[in-house]
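This briefing looks at a few side-chain arrangements, with attention to aromatic rings and a charged residue. Please keep the structure open while reading.

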Amino acid sequence: MAAPSYLRSPFGALKRVKISPPAAMAAVPCQQRFYNRTLEGFRLDNVDVDDLAKKRDIPMPPRAQPADVSDAQREKIEQLRRPRNVEAIFKAPLRRTAEYGIPVCDLQLRTFSIRNMEFFADFAMRAAYYLGLPAKGPIPLPRRVERWTVPASHFIFKKSQENYERVTLKRLIQIQDGHPETVQLWLALLRKHQYHGVGMKANVFEFEKLDVIKAMDEAAQKDADRTDKAWKGFGRRKGLDQSPEELAEWLNDEQFKRAVHSDPPMSRMQHES
């Protein structure tokens, strides 16, 4: 049931009668209802802020004066070059030239997202340059495409199947003429800052002298000596440094026999003079 006309809003009644409201009741723009209380807002409202501050003894902050710069000077300022480390980000990675071209490391990157791999490959090339390693790449490798067909329903609906495909993208970065320790440092840096969605596989090549067999024998002998020293005291207490003769004499002691109230197996050992 509709309400009587005297209970309705007068504006609604005017709207139904198609009479526009008076100008004093017109909607006020949002910019006029809310006032900006900053200094610039007062100045825009034609308020003499400086005169008002002098009357009330309020210190005013200094106003920034625009610098008088000519057009020629402005063009020179715009042509100023950014710092080298900032400008290098917008350019291709720098590369060092290999002197002999001997490969020492092949780094293979694998991913399903080309954007992640390109970003990480760019980081790897920049890291190699700043570590002094000549690097080649990233070289595109053949893609690996895998497809599966899986039934989508029961065996009676054999024709209802779903096909899946996975494409693995690969890139190769080769380090040449690099020191083995520097290469290991480069790989450790990449492992520390490895990007998500990018896998790595590194093949490191090390070169030895012609007498490598002799060096391997010396290393094996050092490992054997280290192992013998570590297993020398196996099964004994750390503070027990007696010789076998001292142990036999200690076991054959009368006080020890009375303490154990038995004839221990090793008590029959005779001290060899």
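F120 is buried, with a relative accessible area of 1%, in a model that is predicted. Its partner in an aromatic pair is F123, and the two ring centres lie 6.1 Å apart with the planes at 35°, so the pair is tilted.

**Aromatic pairs**

- F120 and F123 both belong to helix 7, where three residues, about one turn of the helix, separate them.
- Whereas F120 is buried at 1% relative accessible area, F123 is partly exposed at 29%.
- Across the whole structure, a search finds three aromatic pairs, and one of them joins F119 and Y195, whose ring centres are 5.0 Å apart and whose planes meet at 50°, so this pair is tilted.

**Arginine side chains**

- R126 is likewise found in helix 7, which spans residues 114-130, and counts as buried because its relative accessibility is 18%, where the cut-off is under 20%.
- The side chain of R126 reaches the backbone oxygen of K91 at 2.7 Å.
- Apart from neighbours within four places in sequence, R126 is in contact with A88, I89, K91, A92 and P93.
- The charged end of R96 sits over the ring of Y129, at 4.4 Å from the ring centre.

Conventions: Residues numbered from 1 in each chain as written. Predicted model: local features only at pLDDT ≥ 70, side-chain atom pairs only at ≥ 80, totals over all residues. Heavy atoms only, no water. Helix = DSSP H or I, 4+ residues; strand = E, 2+ residues; numbered from the N terminus. Buried < 20%, exposed > 50% of the residue type's maximum accessible area, 1.4 Å probe, protein only. Polar contact = N/O pair within 3.5 Å; in protein donor to acceptor, adjacent residues only side chain to side chain. Contact = heavy atoms within 4.5 Å. Phe/Tyr/Trp six-rings, centres within 6.5 Å; stacked < 30°, edge-to-face > 60°. Lys NZ or Arg CZ within 6 Å of the ring centre and 35° of its normal.
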